[in-house]
Amino acid sequence: MARIFVVANQKGGVGKTTTSVNLAAALARLGRRTLLVDLDPQGNATMGSGIDKRGLSRSVYHVLIGLCDVVEAAQPSPDGGYTVLPANRELAGAELELVDFEERETRLKDALAAVDDQYDVILVDCPPALSLLTLNGFCAAHGVIIPMQCEYYALEGLSDLVNTIRKIHANFNTELKVIGLLRVMFDPRITLSQQVSAQLEQHFGDKVFKTVIPRNVRLAEAPSYGQPGVVFDPASKGARAYVEFAEELLRRLDGDAGAAVPDAGQD
Ligand code: ADP
Ligand code: MG
């Protein structure tokens, strides 16, 4: 049975897609059969996996609307070693079209059930903001991975996100857990980053992944070559950190320490 994780943070530009794509590639390198679902109409995870979003005849949009199933729309990432359920801007229309559907928040969950035995891990890259698309991601998942930058406003956003996850846990998906918080784009030279990082550890304890993803230009360059950083430059600091993160995630799953949803805090 596949473990399904949603990579979420309601803020944009915080490293969701970079984390999704590189974690998918790292899990593939570690021998896990991995599916990456691009749930963002921007299609960045699709492009970053080496698939041209402009040429899609079938995408996650068609899956959500019920026009095809996952197997028909999924395609291999040419260099990534994982499979992608791709997206492009057509997906933005799904939001409106789904309003008329019954059980519109479980469309993705129901579609993924059909490929559950074909993958070890399914990752869902979410758009920023809590839309019906993101809700579909949360309803399909067993756990949430939250990438965040260690800056002041990140903490504020975090309590909003944790509250949202609590509501989804209560109303839609009782299986949902916060798997962990991943510190990304980390620059140890910045004092505030260190302070925020320490606060995170203090408040969220072992919900904070030990692995820290550094700010690394190779991770930022890789998408323009249609490759995850892990494939583009495996020796780079960023790539090595994502492989380490994948290993930590797998260890955590084996231990399955995950308590439910942590306190939102008073920040
Ligand atoms: P999101 O999906 O949350 O909007 P992205 O993953 O697209 O965020 O990241 C936003 C920008 O930051 C992108 O240009 C990406 O290449 C860059 N970026 C992400 N992580 C890193 C990192 N660890 N080091 C350097 N640049 C990064
Ligand atoms: Mg993104």
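Visitor: What makes H1 stand out in the shell around ligand 1?
Guide: H1 gives the most to that shell, with three residues. This is a predicted model. A residue belongs to the shell if its C-beta atom lies within 6 Å of the ligand. There are 16 residues around ligand 1, and among those that come nearest are Gly15, Lys16, Thr17 and Thr18. Helix H1 covers 16-29. Strand E7 (177-186) and helix H10 (217-221) also supply at least two residues each.

Visitor: How do the residues of the shell around ligand 1 divide into nonpolar, polar and charged?
Guide: Six are nonpolar, eight polar and two charged. Gly counts as polar in this scheme, and Gly15 is one of the residues that come nearest to the ligand.

Visitor: Why is strand E5 called largely enclosed?
Guide: A residue is buried if 20 or more other C-beta atoms lie within 10 Å of its own. Five of the five residues of E5 (residues 121-125) are buried, so the strand is largely enclosed by the rest of the structure. Both of its faces are covered: Ile122 and Val124 are buried on one side, and Val121, Leu123 and Asp125 on the other. For the protein as a whole, 49% of the 267 residues count as buried.

Visitor: What makes E1 and E2 partners of E5?
Guide: Two strands pair if there are at least two bridges between them. Five bridges join E1 (residues 3-7) to E5, and five join E2 (residues 34-38) to E5, so both pairs meet the cut-off of at least two. E1 and E5 run parallel, as do E2 and E5. Asp125 of E5 is the bridge partner of Val7 and also stands opposite Asp38.

Visitor: Why is one side of E3 and of E8 left without a neighbour in the sheet?
Guide: The eight strands form an open sheet in the order E3-E4-E2-E5-E1-E6-E7-E8, with mixed pairing. E3 (75-76) and E8 (208-214) stand at its edges and have a single partner strand each, so one side of each has no neighbour in the sheet. Further in, six bridges join E6 (residues 143-148) to E7 in parallel, and Ile145 stands opposite Gly180.

Visitor: How do you know that the radius of gyration agrees with a compact globule?
Guide: With 267 residues, a compact globule would have a radius of gyration near 18 Å; the protein has 17 Å, so the two agree. The C-alpha trace spans about 50 × 40 × 30 Å along its principal axes.

Definitions and conventions: Residues are numbered from 1 along each chain as its sequence is written. Chains are lettered from A and ligands numbered from 1 in the order in which they are written. This is a predicted model: local features need pLDDT of at least 70, side-chain atom pairs count only at pLDDT 80 or more; totals for chains, interfaces and linings use all residues. The radius of gyration is taken over C-alpha atoms; the globule rule is 2.2 Å times the number of residues to the power 0.38. A residue is buried if 20 or more other C-beta atoms lie within 10 Å of its own, exposed if 12 or fewer, and partly exposed in between; C-beta atoms are placed from the backbone. Helices (H or I, at least four residues) and strands (E, at least two) are DSSP runs, numbered from the N terminus.
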